[in-house]
Structures are given as structure tokens and as C-alpha cells.
Amino acid sequence: MQRYSILWADDEIDLLKPHILFLQNKGYDVTPVNSGSDALDKCNEQNFDVVFLDENMPGMTGLETLTQIKSTKPSLPVVMITKSEEEHIMAEAIGSKIADYLIKPLNPNQILLSVRKILDGKRLVTEKTTQGYQQDFRNIAMAYNERIGHEEWVDIYKRLIFWELELEGAENRSMADVLDMQKSEANNNFARFVMENYEDWLNDPKAEKPLLSHQLMKKKVFPLINSSEPVFFFLIDNLRYDQWKILESILQEYFNVDEESVYYSILPTTTAFARNAIFSGMLPSDMEKYHPDLWVNDDEDEGKNNSEEQFLLRQMQKARVDVKLSYHKIININQGKALVESLNNLMTNPFNVIVYNFVDMLSHARTDMAMIRELAPDESAYRSITRSWLMHSPLLELFKRLAEKKVKVIVTTDHGTIRVKRPYKIIGDKNTNTNLRYKQGKNLGFDEKDVLVVRKPERFFLPKLNVSTAYVFTVEDYFFAYPNNYNYYVNYYKDTFQHGGVSLEEMIVPFAQLSPR
């Protein structure tokens, strides 16, 4: 076991011999000095794992010594020890990024706890987290191997994400690898669940079904709209549940999370289908039927999401939600900054809809740009980039300003995304769509194993472009690849984040209602 070294500076160091012996008996090497200047000399001579500093030393005070140490060794943990409980001393020490703060008289166990928290904290947390996941592993596996409903699948997915985030910083990757395998097995079972139930969700009024994309506005958003508090509806495109948990940890400084729930994205889990379903309140074939002037099919070259505001206005009119609406789609930083500056004007609208496209652009950029592929090689890095983006984006500034006002804030998405790993051969003609997670066409050639095949699109409320049109959806982490130039195609898209198919990550997506603290 590693022996840690401690530097302890106190002008009454001789009185602390019992504490020093206690730490030495626990396996720590302690170097005692009786002044701040001696502490600095020792720090320059050798490396220590942690420093204990008495605040009230003659000559160079503890705070002055702390400043000097941090200027040369900013990552060295320092514990401030003082007889004084004066608030300004605590504030200055904490502001100087101390690792801990102890009040005299000292208790041996109090000292040991501080040392272990600093030096062994990560290892102890890893051990505890690993033990916790090991205990829950069997419960999760038993749950998804039973015949369960959509609510139980939400619970399983949330538990898997919880452990994924908990194990993320673990030094030992072994349990994280076990979790990856369990997620894969869960996704396999979830795909079978969707195959068996999705058609009934859309056609059987008595079926036990989750909230779906086209029901979101009517059931979750419109009831919140009134004249007293403006509603700000943020749709961050392509935001997975695990990414939401990262954003939530940032936003909780400014907002109370009044409700954190999920809903199920419709198929295909793409912007063109799922987001239009949200704003229109309709399934795709009904959009095509009742709004032919707005709907754009897969075989058309027009942008598929140019009519979101019009879809929403028509849905509001049908639902008799007669309020003033503002709609904004943010696709670059300048548009984001302009939106922040216009906040006071937005406050006069009972309903404000903001679509943020960054996460969607990130997933596509990861496919197209070698540098992004290097920066986001896995889910953990993908979440890290999402966090970094929010911390430095105009969106966070907008959230901060909203937190100072009397508003209702909703954060959600239209679908998630999954890192694809396994190619699935398919043959299609020139009219077949380009999405890697689903295909629609009339002359598709593929092995029908391990895919969701839709021979009757009308049963899935999907547009039927030809009499023989079929839809095929990938499941788990598969992606479609054409036999022509197969190896290049597979190498180019393997380990990229895609959407459109059937997986926990794509279909079970976040919905959160926030209120300012």
C-alpha cells in the first residue's frame, strides 16, 4: 500500500507529537516544522501529498504561507488549522482553495478523517461505488429479463445511467466494462420489448403505453401556460438522458427541478419525424395527410424541419391555446447571444419556444471531423464536451438571467443518440434515405434477423411513398452499411453517434420542469 507524506507546520509543533505519532502509526510519514518559512523551504526540497498549516503562526501566517504554496504548487492539498472561527478567515482560506478546514482543539480521528478524505477519497469512493453496483447488478439483470412494461424500462435505464455516471471517475475500469456489457444486454431486451409493443401503443386504445412525442405538448406543456408566468420551452436537439444529468448538475445552482421525467420518442428517432411530431401533435402519416403544405417526405430535398413554428401554431389553435408565441431556432453562437439580449422582450410572451441545435451538430460533427472524433471517443468524453459547451455557451447565460425572473422553464429534447459499433448490411436503390439507423424504400435487401421490419407503414403511422414501401430499423448498436465499398464505410462510421433506430438511448429521453430558486 502506498505511504503518503504529510508536512505539518505549527509554531507549537512539539505539543502535537501525540497526533503525529497517531498518524505515523496509521502508515503516514509526517514531517514537522514550526514556521511558515520552514514549510516553504521543505516544499521546495521535497514532494508532499498534503500540508497541514496552522493559521496563527508568528512571522509568516498560515494564510500567507498558503498563498506562497499555491503559487508554486497549485494542486497540492492544504488543510488549514486554526483556533479562530472568525468568518473572514474561513472565507479567505476557502477562497484560496484549501482542501479542508479544522478547528482546534484537534481530535486524532478528525485529523485522520481529513487525511483519508483527501488522499484516499477517490479510492474509497471507487470501492464503495463498485460495491454498490455489484449489489445492484443482479437486480437490474433480473428486472430486464422479465416481461416488464414501459415504466419498468425507464427505471432500468435510469439505474444504468446512474451507475455509469457513478463509475465514470473510477480508477479501476473493470466494473465500468461490466456495466457496458449489461447496457448492451439491456438494449437487446429493450429492442424486443419495442418490437412487441410499439404497434399496439399507436393502434390499441387500451394498450398500456408511455407518453409519446406527439402527445408531449398537449399533456405536459400546454397545461402550464397561463398569463401570470411566461413559459420558456427549451428543446435541446439530440440530448440523451445522461447528458441531461450533466446539465442538471449545472442548472441546479440556479433552479429547483420541480419535475424530472422522461417520455418515449416515436420512430424513427430522428429530428424530421420526432421533433415535427412534438410541434404538430401528430404522428408522421397524419402530418402528411392533414398538413401536406408543411410536411416534407424522405425523398424530397427540402429541409425537413423548416415548418416547426407553423406546426406548433396549428396545434395550439386546435387545442385552443390562444396566447402569444415566440419561436427561436439557435444554430450558432451569435444567434444565442442575440436571444440573451432580447430576454426582456420575450418576457411579454406567455409562451417562448427555443430550439438549440448544438448537441445534434456535435453528433454529426463527430462523424465528419477527425478532431471531434478524437475529442469524443466514448460516452464519457461526449458528456464532457456537452458540459463544456453549456458552461461556455450563451444558453447558460440565458438560464442565469431567467433564474432571476418569475418564469416556468422546461428542458427537453426530441430524441437521443447511440454510439454505433456493429455494421448491418443492406441493399437499397438510389431513392433510399441516407440515415444509418433506419431505411425506407421499396427495394430493400437485408437479412431480417436483429432488425425491426415494418411492412405495413400505416400501422406505424409512417408515410407510405409507394405501394411496396417498407421501413427497417436497426436495434442496439447496429448501423446500416452498403456492400459497395463496405470496409471504408464501416471504418468511417463505426464508433460514431447516430440516431433513428431502436435503443434505450434514442427512445427514452428527458423532460424536466424547472423553477428559479
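**A chat about the chain**

Guide: Proline 105 lies in the loop between strand 5 (100-103) and helix 5 (108-119). Helices (H or I, at least four residues) and strands (E, at least two) are DSSP runs, numbered from the N terminus. A cis peptide bond joins lysine 104 to this proline 105, with omega at about 0°.

Visitor: Where do those numbers come from?

Guide: Residues are numbered from 1 along each chain as its sequence is written, and side-chain values use heavy atoms, with hydrogens and water left out. This is a predicted model: local features need pLDDT of at least 70, side-chain atom pairs count only at pLDDT 80 or more, and totals for chains, interfaces and linings use all residues.

Visitor: Back to cis bonds. What is the bond from leucine 267 to proline 268 like?

Guide: That one is cis, with omega near -10°. Proline 268 sits in the loop between strand 7 (255-264) and helix 11. For background, most peptide bonds are trans, and most residues other than glycine have a negative phi.

Visitor: Which phi does arginine 320 have?

Guide: Phi of arginine 320 is near 60°, a positive value in a residue other than glycine. You'll find arginine 320 in the loop between helix 13 (308-318) and strand 8 (325-330). Phenylalanine 461 has a positive phi too, near 55°, and its place is the loop between strand 15 (451-454) and strand 16 (470-474).

Visitor: Is arginine 320 buried or exposed?

Guide: Exposed: arginine 320 has a relative accessible area of 77%. Buried means under 20% relative accessible area, exposed means over 50%, and partly exposed is in between (1.4 Å probe, protein chains only). Serine 388, in helix 18 (residues 379-391), counts as partly exposed because its relative accessibility is 37%.

Visitor: How far is serine 388 from leucine 247?

Guide: Their C-alpha atoms are separated by 9.9 Å, and the two residues are 141 residues apart along the chain.

Visitor: OK, zoom out. How many helices and strands does the protein chain have?

Guide: There are 21 helices and 19 strands. The C-alpha trace spans about 90 × 55 × 45 Å along its principal axes. Of the 517 residues, 55% count as buried.

Visitor: What about asparagine 276?

Guide: Asparagine 276 is buried, at 2% relative accessible area, and belongs to helix 11 (residues 271-280). Leaving out residues up to four places away in sequence, asparagine 276 touches a set of residues including Trp295, Lys304 and Phe311. Touching here is contact, that is, heavy atoms within 4.5 Å.

Visitor: Now the rings! How many aromatic pairs are there?

Guide: The count comes to 32. Rings of Phe, Tyr and Trp (its six-membered ring) pair if their centres lie within 6.5 Å; planes under 30 degrees apart count as stacked, over 60 as edge-to-face and the rest as tilted. Tryptophan 153 and phenylalanine 193 form a tilted pair, 6.2 Å centre to centre with 40° between the planes. Tryptophan 153 is in helix 7 (residues 150-167) and phenylalanine 193 in helix 8 (residues 174-203), so the pair ties together parts 40 residues apart in sequence. Both tryptophan 153 and phenylalanine 193 are buried.

Visitor: Why is the pair of tyrosine 424 and phenylalanine 480 edge-to-face?

Guide: Because the planes are at 85°, with the ring centres 5.9 Å apart. Tyrosine 424 is in strand 12 (residues 422-427) and phenylalanine 480 in strand 17 (residues 478-481), 56 residues apart, and the pair links these distant parts of the chain. Tyrosine 424 and phenylalanine 480 are both buried.

Visitor: Which residues form one aromatic cluster?

Guide: Tyr144, Trp153, Phe190, Phe193, Tyr198, Trp201, Tyr264 and Phe460.

Visitor: Last topic: how do helix 6 and helix 8 pack?

Guide: Helix 6 (residues 121-144) packs with helix 8 at an angle of about 15°, and their axes are 11 Å apart. Axes are lines fitted to C-alpha atoms, for helices over the stretch in contact, and angles run from 0 to 180 degrees between N-to-C directions. That angle makes helix 6 roughly parallel to helix 8 (under 35 degrees is roughly parallel, over 145 roughly antiparallel, 65 to 115 roughly perpendicular, the rest oblique). Among the residues making the contact are Tyr133 and Phe137 of helix 6 and Val178 and Leu179 of helix 8.
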